[in-house]
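Hello,

Here is the structure I promised to pass on. Please open it alongside this email and read the notes with the model in view.

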Amino acid sequence: MKQDSISGTIKAMFKPVSSQVSFPKLEEEITNYWKKNKIFEKSIEFRSKDKKWTFLDGPPFITGSPHYGSLLSSLPKDLFGRYFTMKGFRVRRVWGWDGHGLPIENKVENKLNIKRKKDIEEKIGIDKFILECKNYVSEVSLEWEWYIDRIGRWVDFKNAYKTWDQDYMESVMWVFKQMYDKGHIYKGLRVSLYCPHCSTPVSNFEVAMDAENYRDIEEHSTTYMYELKEEKGTYLLAWSTTPWTKIGTSALAVNSDIYYEKVEQEGKKYILASNTLEKVINGKYKKIGKPFKGKELLYKEFIPHFDFYKIEKDKKAFIVVGDLFVSSDEGTGIVTLAAYGEDDLRVMQKENIELVIYVDDEGMIDSKVPLFGDMYYLKANKEVDRVLKEKGLIYKEENYTHSVAHCWRCATRLFYNPQNAWYVNIQNLKPKLKKTNEKINWYPEHFKNGRFLKSLENAPDWNISRSRYWGSPVPVWECKCGERFVPSSIEELEKESGQKVTDLHRPEIDKITVKCDKCKSEVKRVPEVLDSWIESGSASFAERHFPFEENVKLNDFFPPDFIAEYTGQIRAWFYVLHVIGAALYDTPAFKNVLVEGVILGTDGRKMSKNYGNFPDPKEMLEIHGADALRLYLLGSSVMHGEDILISEEQYKNQVKNIMLTLWNSYNFFITYANIDKYDLLDKNLDTSGNILDKWILSKLNKLTLEVTNGLDKYDTVLAIASIQKFINDFSTWYIRRSRDRVGFLEENKKDKKMFFNTSYEVLTTLCKLLAPTTPFIAEDMFINLTKKESVHLENWPEVKKELINEKLEEEMVFVRELSESGHALRKEANLKVRIPLLKGEYSLNKKLEDDLQKLLKDELNIEDLEFKNKGKKGIFFDNSIKNQNLKAGEAREIIRNIQKERKNLKTRVDEYVNVYLPNWSKEYEDYIKSKALVRSLKKGDFRVEKNE
Ligand SMILES: [Zn+2]
Ligand SMILES: [Zn+2]
């Protein structure tokens, strides 16, 4: 502000605005300003502790580097953090890192040149391996911080939580104990997807997160013949796509309710489901007897293909059993059972069938198995079929294409492996999971009863143990006598063991032993570590070291108000949070969840450096800036959970279509307000009689209402579309129609003031409405306009309902439509807008109010405009010479030329000039002088001189 020496009052002086603005440069300056003045910290501190809006960050994996996807999920987190802050809430925002699990282990394996899991224990040693993992995660990527700063995300990096910190791990231990005590965790033999390279089970949802983990593979499907023990020459036809599991096929399964048939072909008899006959049996055959139900086959004995294994006394083997999972949609309606299938294992356990386990944790077949010992399980496929073909036990082989899961980490093909492991009993939790889902606000809503509910319904029990090293320990000390000790805190473990617990990681934790309460033996911890998804699913509690910190109360942070991630997390992070929330407290784990879609490369494939199918995000940020990126992504359908293709064009367009349009209007205001020494302290909006002011204020308040409603329901797309439309209205109608109002004639003074007051109100309110979406430009403009510290320390604008005038807005639509058709008519007649028309008429369903009619008249440059009749919108005028005011047109042409010259001379807008003209109409002399700020007008060749 500057002291005005004459009047003695404080006059506003705005920092001049350049039309050659560089938004990336502006953003850098604002970032520095925020840091220097601790605006983020202040925006949290100045809000009351009693009014919180809680947000939980899904921690990114520490090995990844930032890409559009990770930037995308940061944007709504930042937008809503800022929005709820402005609405008066205290919004804590702390960054988190996910750093346990296979990805880190793989990196360290590569570094140490480890090819097999066995080498970790046998050659390197667990202690050295874990030390390398710790070193790896300690070098937290600075690259992330650059990006997060650059896109304007406010988040506390310094106090980031880390899943490998002792405090975090202690909370995870506590979570496990809660679930264990409530009976949601059991140990058992279950089949899960398994990676033979990483030698560990992997979650089905880890695989499902990325469609590329599923690949179509063409293999054989084989129809095997199993001879009935009591009916020589009669074979059950069983269909399978995994020949290697025939080695341990100890039973066959049918569906008791399906019809089967016996047929004869070339002296042999075959049994198969009736409706598979056509497909399976080649050539001529004869039916024997009538179709019969599957239950008639139950417990019939067959002759096994391989029987190298011993049958335990209390177990059954080589019989037919029944289960509903068997169908006749594919194959023969009879399937082979081995321990290596989810349904297989379940049925075999139910029927007490001998389980044969003959593949080790690296996928190798046990050396004791005849013919196939020491073979990689997939290699055995060909061998098994060759051997059985020789024995005449294969009816036919066909090509078969199916989608096969691969390791999300090392891309090795996975197989279903029976594991003695720790599971969360999802089946028992399902009714709870469905009920608590009903209380969650999903945006977009369709995910609630769509993809999320479906994944709940189909979820198998969750294998939460990993036969690995770098992770939170499974906190169970299990005695040979069956007794278990499960601590819920380090303190409890120390008390029970009498040992100091310095590190919860292996191998330190494995050195801690306890004494069995029952048999007094020394008890060791079970060897597994926890699936790292247990850790990210415990984030609400663990990031605050709950329940171990005195001042942290559950109700203060759980369930959090808001989480946001992309669709891939529906089956992953959202799911595990939900399971843990329901298991521990029988409540939803979050109140509102925003689901984003996926940003794909320009070619529709996943973005990949190898494909070169996306523009470099760093470069884009440096060229177009972060506000434009935010407008582009937060305004696109990716925020409605849909996938989009990355488009530099659309990104770039945000600068031109929204930011520069706004900037030019702002520039116009600042320029004239500065010339006029516009007085900030003397604002009064109530006295404006100008219809344009009333209209834009009505629009402004409606915009405030729309943006508020949009953001309240997490619809950023709606909010941004409304803002864009408003900025356009403001620039192309309000400011354009107000250009004449900033002149220097005495009679304009009052109206000019009202223009300034109104524009000031619009711009400052718009800054607030934009602050969550485009925090940089909003901040820069707001500080300049108000001299206040930050727009992000302001309250969200209130809607002034009394200023909303629907009737006026509707009529203004008519005026603008009439203007458009008027301009079109002029264009058709090749008649420049500068040449005034003497007369014109319009028709409409009713006469426009005088103010609006004048607006239309000015816009179309018609001196006398009359309402003709009720009817369709239309505008009429005679475009012949006799209806044109040529003298006035000429005067305007002169003014335009003078303005051009003024620009060349770089005169200030309020600076007078002297002009020479060959001739001009005396009638318009004053008009020309006042419009173009001409001090003297003299005869001569056209030229413009500065008045010095
Ligand atoms: Zn793997
Ligand atoms: Zn014991």
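This is a predicted model: local features need pLDDT of at least 70, side-chain atom pairs count only at pLDDT 80 or more; totals for chains, interfaces and linings use all residues.

**The whole chain**

The chain has 30 helices and 34 strands. How does its spread compare with a compact globule? The radius of gyration is 38 Å, while the globule rule gives 30 Å for 948 residues, so the chain is more spread out than a compact globule. Along the principal axes, the C-alpha atoms fill a box of roughly 125 × 75 × 50 Å.

Of the 948 residues, 57% count as buried. The exposed surface comes to about 42,700 Å². Carbon and sulfur atoms supply 48% of that area. Contacts were also sorted by sequence separation. Among those with a separation of 6 or more, 76% are between residues 24 or more positions apart.

**The zinc site**

Which residues hold the zinc ion (ligand 1)? The donors are the SG atoms of Cys-195, Cys-198, Cys-407 and Cys-410. Their distances to the zinc run from 2.2 to 2.4 Å. In sequence, the donor residues follow the spacing C-x2-C-x208-C-x2-C.

The geometry is tetrahedral, because the four donor atoms subtend angles of 104 to 117° around the zinc ion. For reference, the ideal angle for four tetrahedral donors is 109.5 degrees.

Are Cys-195 and Cys-198 buried or exposed? Cys-195 is buried, at a relative accessible area of 0%. Cys-198 is buried too, also at 0%.

**The salt bridges**

The structure holds 77 salt bridges.

Glu-132 sits in helix 6 (residues 126-138) and Lys-111 in helix 4 (residues 102-111), so the pair ties together parts that are 21 residues apart in sequence. Glu-132 is buried, with a relative accessible area of 14%. Lys-111 counts as exposed, at 60%.

*Glu-362 and Arg-116.* In this salt bridge the closest N and O atoms are 2.7 Å apart. The pair links distant parts of the chain, 246 residues apart. Both partners are in loops. Glu-362 is in the loop between helix 11 (342-351) and helix 12 (380-390). Arg-116 is in the loop between helix 4 and helix 5 (117-124). Glu-362 is buried, with a relative accessible area of 12%. Arg-116 counts as partly exposed, at 41%.

*Glu-809 and Lys-699.* Here the closest N and O atoms are 3.8 Å apart.

When you go through the model, the zinc site at Cys-195, Cys-198, Cys-407 and Cys-410 can be found first.

Best wishes

Methods:
Residues are numbered from 1 along each chain as its sequence is written. Chains are lettered from A and ligands numbered from 1 in the order in which they are written. Side-chain values use heavy atoms; hydrogens and water are left out. Donors are N, O and S atoms within 2.8 Å of the metal (3.2 Å for Na, K and Ca); water is not among the atoms, so sites may look incomplete. Four donors count as tetrahedral if all angles lie between 85 and 135 degrees; four count as square planar and six as octahedral if opposite donors are over 155 degrees apart and all others between 65 and 115; anything else is irregular. Buried means under 20% relative accessible area, exposed over 50%, partly exposed in between (1.4 Å probe, protein chains only). A salt bridge is a side-chain nitrogen of Lys or Arg within 4 Å of a carboxyl oxygen of Asp or Glu. Helices (H or I, at least four residues) and strands (E, at least two) are DSSP runs, numbered from the N terminus. The radius of gyration is taken over C-alpha atoms; the globule rule is 2.2 Å times the number of residues to the power 0.38. Contact means heavy atoms within 4.5 Å. Accessible areas come from the Shrake-Rupley method with a 1.4 Å probe; for residues, only the protein chains shown count as cover.
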